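Me: Hi! I'm new to this one, could you walk me through it?

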Amino acid sequence: MFNQLGVIGCGLMGGSFALALKRAGLVKRVIGYSKSPSTTEKAKRLGVIDIAAESALLAVSGSDVVLISVPVAASEATFKAIRHLVEPGVLVMDVGSTKRDVVDAARRVLKDRIESFVPAHPIAGKEVAGVEHADSLLYSGRQVILTPLPQTDVKLLQKATDVWAAIGAQVLKMSPENHDAAFAAVSHLPHLLAFAYFSSIHKQPAGKDFLSLAGPGFRDFTRIAAADPAIWRDILLANKEEILKQSLRFRHTLDALEHVMKSGNAEALEDLIRNAADARSGWQMSTPKPTPGR
């Protein structure tokens, strides 16, 4: 049980974490801060937070657990704003989709106080943003990746593991480097491709006519192209080295498919398609079971 949760960034992710802790009876009081006062007031009106803080620092004051839910590019400024109240024993986590840049910012700013920081990435979200869409079950049955540092307080790491597990998440641990390499492949590059693919059709002279004929397959394939532009701008820039490595691998595979199409080699083309189809058929997305009673 936490006495107070401080939420910095009262949007979908931060708001859902607050509601999840309230639902599980894990926190007595939630204080929240957002850059936009209207967002904080809305969060209070909806019962997501109990107290609206006037600054990020005040959201940390008196809190024994803090969740930073801001765009990854704003991480360093946030650490600077709260550094003086990050006391020993206070658990500080983030929800950023990239980890090396956030960890580097934490090292620069928090310095000896970095032992309180447990970097986190919940693999959860919605196509819509905003605190009005916050959901106490958003993290139930989802994976949360923790990327602890050598300096991380082991007791706080355990506390972070326990709190995410208590709201129904499956907790995994890996290094920030391995995290960013993995998610460049399975999340960041797919978004980049979706943005490029949809734009390539939409900008064609007959693009509107083509889109009017699109069906469920096209809808499912391009769904992530509707993601928040500011958030994904930051993610793509923050993890560009790993994403560009994956993009190069994709180009080589696409080149191979195009080559056999140009050559008219039906057998080779079918083999390439079959390899992908068989691999995809044998793959199953990890679906952790929700915590009983959640």
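**Strands and helices**

Reply: Happy to! Strand 7 and strand 8 (residues 143-146) pair in the antiparallel sense over three bridges. Strands here are DSSP runs of E with at least two residues, helices are runs of H or I with at least four, and both are numbered from the N terminus. Two strands count as paired if DSSP finds at least two bridges between them. This is a predicted model, where local features need pLDDT of at least 70 and side-chain atom pairs count only at pLDDT 80 or more, while totals for chains, interfaces and linings use all residues. Residues are numbered from 1 along each chain as its sequence is written, and side-chain values use heavy atoms, leaving out hydrogens and water.

Me: Thanks! Which residue is the bridge partner of P122 in strand 8?

Reply: That is V144.

Me: And what is the order of strands in that three-stranded sheet?

Reply: The order is 7-8-9, in an open sheet with mixed pairing. Strand 7 (120-122) and strand 9 (170-173) are its edge strands, each pairing on one side only.

Me: What holds strands of a sheet together in pairs?

Reply: Strands pair through backbone hydrogen bonds, either parallel or antiparallel.

Me: OK, new topic: what about the sheet of six strands?

Reply: That open sheet has the order 3-2-1-4-5-6, with parallel pairing. Strand 3 (51-52) and strand 6 (117-118) stand at the edges with a single partner strand each, so one side of each has no neighbour in the sheet.

Me: How many bridges join strand 1 to strand 2?

Reply: Six bridges join strand 1 (residues 2-8) to strand 2 (residues 27-33), and the two run parallel. L5 stands opposite V30 in strand 2.

Me: Which strands does helix 1 lie across?

Reply: Helix 1 (residues 12-23) lies across strand 1, strand 2, strand 4 (65-68) and strand 5 (91-94), running at about 165° to strand 1. Angles run from 0 to 180 degrees between N-to-C directions, with axes fitted to C-alpha atoms, for helices over the stretch in contact.

Me: Then how do helix 4 and helix 5 pack?

Reply: Helix 4 (residues 75-82) and helix 5 (residues 100-110) pack at about 30°, with their axes 9 Å apart. They are therefore roughly parallel to each other (angles under 35 degrees count as that).

Me: Which residues make the contact?

Reply: Helix 4 brings S75, E76, F79 and K80, and helix 5 brings V102, A105, A106, R108, V109 and L110; contact means heavy atoms within 4.5 Å.

Definitions and conventions:
Parallel < 35°, antiparallel > 145°, perpendicular 65-115°, else oblique.
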